[in-house]
Number of protein chains: 2
Amino acid sequence: MSATETFKDYLARRAAEVNQWLDRLVPSETTPPEQLHRAMRYSLLAGGKRLRPSLTLAAGEAVGADTDDLMPAACAIEMIHTYSLIHDDLPAMDNDDLRRGRPTCHKAFGEAVAILAGDALLTQAFRVLSADAPHRDAERQVQVIREIATAAGTVDALIGGQIADIESEGKNVDASTLEYIHRSKTGAMITAPVVVGGIIAGASEEQIDKLRGYGQRIGLAFQIADDILDVTSTSEQLGKTPGKDQAANKATYPAIHGIATSQARARQLVEEAVEIVSGLHLKTHMLEEIARFIIARSS
Amino acid sequence: MSATETFKDYLARRAAEVNQWLDRLVPSETTPPEQLHRAMRYSLLAGGKRLRPSLTLAAGEAVGADTDDLMPAACAIEMIHTYSLIHDDLPAMDNDDLRRGRPTCHKAFGEAVAILAGDALLTQAFRVLSADAPHRDAERQVQVIREIATAAGTVDALIGGQIADIESEGKNVDASTLEYIHRSKTGAMITAPVVVGGIIAGASEEQIDKLRGYGQRIGLAFQIADDILDVTSTSEQLGKTPGKDQAANKATYPAIHGIATSQARARQLVEEAVEIVSGLHLKTHMLEEIARFIIARSS
């Protein structure tokens, strides 16, 4: 970030870089099967803040990795995030029509294509992560794949959180169950990008532990902020249908704890996260900025 | 295979070994989220010939690998195969009620759980492939992951074949399109297990090429045989609804070429496959037996 650049400008610049890489890392719309590749690209290149890739870049660069070495993993993580959104939006799941201000993938391409586009983005992520790159350290490559596959899995992870979220609909969910859902569904795939940046940069185990602690806290803070925004925002601001969680009788942080307590908890988590990474004594300025940014709109 | 053991007994014994490993390589039914793990295990442990894992074992052992080093990849491939069946059976896709003689995953657990169980098996496959194993060669591990992610992908691969298959329904499909569908939808994920066995065993590039040539031929032969069986079998023999392809007006090999020509083509492919692997001058007896077995019921 240059002296005159605001943090928002910085994030937008990183997002543009990520988008260029994403564009190259999935097959073009003229490669058969064209319709499927169109659907993948429609959802993947629909904008979005590219928070997860930015975390990989910020963590990896703080420990000293080159941006080019971080980008494939950063993009693979965004592919997995996008696949999870496509599948979550399906009629059998959350049945959402709107995502990032546009019709959801199944609304635009039909259910069969949307299911397969999600499958394909998940698969392509692992193809990108295992790409032939002679200068890459294979040991680290395997470690990165393991970290991501675990975070995207079922046990305290992405898919486990999604099923728990679905199962909790219309039920009285206690605070600890809600925290489990948030930690799994959102937290795991926000923590992993941070850790992965560290692994690629060759971080020590102690450094990885600190990055993980940071990631876990901002992951939960992010979901609390998201819950708060769902209550307080309009459709235009969100780019998706607001109040959906309430309408679906989904458990949210503000529903259980109230908005003020939720905001205070999010702030506390961000403070803890900032303190942890500042203990690395590295150039973690960007990680600190991202942590604060995550709750900025909700506090 | 011992002197008194028939080939069918041999296959059944290998399948039982594979099942034991599969049982250990996915979370138990008492691990939360229980319902999701039940659905994964319901589909994964529903029987089946375990053809793909057997190919990895046969190819790897021919080149000199230990069974224990081959099993994780063999099982990961079966997980991916199972995920693709679960998603193909969904109402938005082939809308099948019966699979391996039992209700399909979405019939037994509902659509949301079935979609997520498929996602989870695909993800777990990559977790198993990237598992921490100090004695494993990380370079080879990455190569195996790349081979499998490519075969399960969109370009001349599993998902590409499935979408082409769906798109071809009710259309007049020519012979070359049909061969593309077969090569992609079934062939890629029959070739990959053979190649992966070779990679784990440390096969040379020349050996890998031969294994790939073998795999491509038996992959196509397998799908032709499957098409023939769909026409000639009863529901009880198939464990799934027969005549589905015809009913859905799906292109099949016998529909385009007739049964006799289809049988001749399958036999020819198997002969070529056997000739290729016998050129390896290794203990490829099992690969040859599997090739012949693949078309046995249809010829």
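**Note on the predicted two-chain model**

1. Helix H4(B), residues 67-89 of chain B, has 23 residues, which at 1.5 Å a residue should span 33 Å; the end C-alpha atoms are 32 Å apart, in agreement. The expected span is 1.5 Å times one less than the number of residues. Helices here (H or I, at least four residues) are DSSP runs numbered from the N terminus. Of the 23 residues of H4(B), 20 are buried, so this helix is largely enclosed by the rest of the structure. Buried means that 20 or more other C-beta atoms lie within 10 Å of the residue's own, exposed that 12 or fewer do, and partly exposed covers what is in between; the C-beta atoms are placed from the backbone.

2. On the basis of the note: this is a predicted model, in which local features need pLDDT of at least 70 and side-chain atom pairs count only at pLDDT 80 or more, while totals for chains, interfaces and linings use all residues. Residues are numbered from 1 along each chain as its sequence is written, and chains are lettered from A and ligands numbered from 1 in the order in which they are written.

3. The contact between the chains takes 43 residues from chain A and 43 residues from chain B. Two residues are in contact if their C-beta atoms, placed from the backbone, lie within 7 Å. On the side of chain A that touches chain B, H2 (34-44), H6 (111-129), H7 (138-151) and H8 (158-168) each supply at least two residues. H6(A) gives the largest share of that side, with 12 residues. By type, the residues of this side of chain A are 24 nonpolar, 13 polar and 6 charged. For these classes, Ala, Val, Leu, Ile, Met, Phe, Trp, Tyr, Cys and Pro count as nonpolar, Asp, Glu, Lys and Arg as charged, and the others, Gly among them, as polar.

4. The same surface serves both copies, since 100% of the contact residues of chain A recur in chain B.

5. Helix H8(B), residues 158-168, is mostly covered, with 9 of its 11 residues buried. The buried residues of H8(B) include Leu158(B), Gln162(B), Asp165(B) and Ile166(B). They pack against H2 and H6 of chain A, together with H4, H7 (138-151) and H9 (175-200) of chain B. Just after H8(B), Gly170(B) takes a positive phi of about 75 degrees.

6. In chain A, the axes of H9 (residues 175-200) and H10 (residues 205-232) come within 8 Å and cross at roughly 145 degrees. The axes are lines fitted to C-alpha atoms, for helices over the stretch in contact, and angles run from 0 to 180 degrees between N-to-C directions. Among the residues that meet are His182(A), Arg183(A) and Ile190(A) in H9(A), and Leu211(A), Arg212(A) and Phe222(A) in H10(A). The residues of this contact divide into 10 nonpolar, 10 polar and 2 charged.

7. Most residues other than glycine have a negative phi, and most peptide bonds are trans. A cis peptide bond joins Pro32(A) and Pro33(A), with omega about -5 degrees; Pro33(A) is in the loop between H1 (7-25) and H2 of chain A. In chain B the bond from Pro32(B) to Pro33(B) is cis, with omega near -5 degrees.

8. Two non-glycine residues with positive phi deserve a check. His281(A), at about 50 degrees, lies in the loop between H14 and H15 of chain A and is exposed, with 7 other C-beta atoms within 10 Å. Arg50(B), at about 60 degrees, is in the loop between H2 and H3 (51-63) of chain B and counts as buried, with 24 C-beta neighbours inside 10 Å.

9. Thr284(A) is in the loop between H14 (259-278) and H15 (285-296) of chain A. Thr284(A) counts as buried, with 24 C-beta neighbours inside 10 Å. Leaving out residues up to four places away in sequence, Thr284(A) touches Ala62(A), Val277(A) and Ser278(A).
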